[in-house]
Amino acid sequence: MTEINIKKVGVAGAGAMGAQIAAVSALHGYEVILQDISSESLKKAEEVLRTQLEKRVIKGKLTREDVDCAFSNLIFTTNLEAFKEVDIVIEAIIEDLEVKKSLFAQLDHLLPEHCILATNSSTIVSSKLAEAVVRKDKVCNIHFFNPVLVMDLVEVVKGPHTADETADTSMKFIETIGKTPVLLKKEISGFVANRILAKLMNEAVYLYENGYASFEEIDVVVEKALGHPIGPFALMDLTGLDVNYAVRKQRYSESGDEADKPAKSVKEKVEKGELGRKTGKGWYTYDAQGKRVVSETIKQ
Ligand SMILES: NC(=O)c1ccc[n+]([C@@H]2O[C@H](COP(=O)([O-])OP(=O)(O)OC[C@H]3O[C@@H](n4cnc5c(N)ncnc54)[C@H](O)[C@@H]3O)[C@@H](O)[C@H]2O)c1
């Protein structure tokens, strides 16, 4: 078994996930290329990362040298050609199967032969993306959780096409960036955490849409009675309602199961552009610093 020696990391997509995956890799000494089709997204990613890492310096979780070193390891670019010498690419672009497949096909031509091509998709199994490439044995899921700077766990999912050394190298890579990887030996849409979470979210939305309790009250119950750090509606705001919507659409297109369909109330919010923290409003409203504006009903 030949294991791949990872030195350079490519991250495609500089949104909420890609930016932090790149930052964590750079903080652990890897040379990282963060690529996005939008220069606006790259600019925002750099600004947000500077703020987030600065906060960690103030809290004493990182030193200024750590942060300076991480930024010196990071390249922000719109040029896909910059991935020509990377050893692993983690794709974290929008949750759209056809867009992801098209990127995988482009990358397959461009990347060195040994390079692993992993997807951070919340739900799409990597065999659907492996269809677009020749290097099928180098394709797997590496699924991080939001926010990547904080969340320890990463799911690595092996498809029937994934070589053992691809899964092994991916697991080891995750350990080297200070995270705990869990290997799924067989692929299944949504993997472990999101499948379990989807059941909870469905029930929360059912109770809300049928008027049993407000979304704020449901969040309070889940936090205080079940001990979750945040409730399902606050979590949707953190993840992005557009991401939740896209994931459910994908799941529904695969399963045809009505229970997988995007929720009506989520669809309405996405259509209004209320996507959660990233737009300042989702289920809750957020101020310019990203702090939740507490409603009068909850204050009482
Ligand atoms: N948000 C979450 O909580 C979360 C958690 C785990 C996994 N994921 C998955 O991670 C991926 C990214 O999610 P996100 O929340 O960071 O999305 P996001 O909307 O914040 O960012 C997506 C980025 O991809 C860029 N992009 C679109 N098409 C591209 C292309 N062809 N090439 C390069 N860049 C492109 C966009 O410009 C944008 O900057 C999705 O597959 C999502 O399912 C999200």
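Which helix is S41 found in? I looked there first, working on a predicted model.

**Entry 1: S41**

I found S41 in helix α2, which covers residues 39–58. Then I asked what S41 touches beyond the residues up to four places away in sequence. I got A14 and D36. I also checked S41 against G13: the two are 28 residues apart along the chain, and their C-alpha atoms are separated by 8.4 Å.

**Entry 2: the whole chain**

I noted twelve helices and ten strands. The C-alpha atoms fill a box of roughly 60 × 50 × 30 Å along the principal axes. What radius of gyration does the protein have, and what would a compact globule with 300 residues have? The protein has 19 Å and the globule would be near 19 Å, so the two agree.

Buried residues come to 49% of the 300 residues. I also looked at contacts between residues at least 6 apart in sequence, and 66% of these join residues at least 24 apart.

**Entry 3: α1 against α2**

Back to α2, this time for its packing with α1. Two packed helices are described by the angle between their axes and the distance between the axes. Helix α1 is residues 16–27, and its axis comes within 10 Å of the α2 axis, crossing at roughly 55 degrees. Is that parallel or oblique? Angles under 35 degrees count as roughly parallel and 65 to 115 as roughly perpendicular, so α1 is oblique to α2. I noted the crossing as right-handed.

Which residues make the contact? From α1 I listed A19, Q20, A23 and L27, and from α2 A45, L49, Q52 and L53. By class, I have six nonpolar, two polar and no charged residues here.

**Entry 4: α7 against α9**

Helix α7 (residues 193–209) and helix α9 (residues 232–239) were next on my list. Their axes come within 10 Å and cross at roughly 115 degrees. That makes α7 roughly perpendicular to α9. The crossing of this pair is left-handed.

On the α7 side the contact is made by L197, L200, M201, A204, V205 and Y208. On the α9 side I see P232, F233, L235 and M236. How do the residues of this contact divide by class? I got ten nonpolar, no polar and no charged.

**Entry 5: α10 against α11**

I then turned to helix α10 (residues 241–255) and helix α11 (residues 264–271). They pack at an angle of about 125 degrees, with their axes 9 Å apart. I wrote α10 and α11 down as oblique to each other. The crossing of α10 and α11 is left-handed.

Which residues of α10 and α11 meet? L241, D242, N244 and Y245 of α10 make the contact with V266, K267, K269 and V270 of α11. I sorted them by class and got four nonpolar, one polar and three charged residues.

**Entry 6: E274**

I found E274 in the loop between α11 and β9 (285–286). At 13% relative accessibility, E274 counts as buried, because the cut-off is under 20%. What is E274 in contact with, leaving aside its neighbours within four places in sequence? My list reads L241, K269, T279, K281 and G282.

I finished with the backbone. Most residues other than glycine have a negative phi, and most peptide bonds are trans. Where is there a cis peptide bond? It joins N146 and P147, with omega about 0 degrees. I placed P147 in the loop between β6 (139–143) and β7 (153–157).

F191 got a note for its phi, which is near 60 degrees, a positive value in a residue other than glycine. I found F191 in the loop between β8 (180–184) and α7. Is F191 buried or exposed? Its relative accessible area is 1%, so I put F191 down as buried.

Definitions and conventions:
Residues numbered from 1 in each chain as written. Predicted model: local features only at pLDDT ≥ 70, side-chain atom pairs only at ≥ 80, totals over all residues. Heavy atoms only, no water. Axes fitted to C-alpha atoms, helices over the stretch in contact; angles between N-to-C directions. Helix = DSSP H or I, 4+ residues; strand = E, 2+ residues; numbered from the N terminus. Parallel < 35°, antiparallel > 145°, perpendicular 65-115°, else oblique. Left-handed = near helix turned anticlockwise from the far one by under 90°. Contact = heavy atoms within 4.5 Å. Nonpolar A, V, L, I, M, F, W, Y, C, P; charged D, E, K, R; others polar. Rg over C-alpha atoms; globule rule 2.2 N^0.38 Å. Buried < 20%, exposed > 50% of the residue type's maximum accessible area, 1.4 Å probe, protein only.
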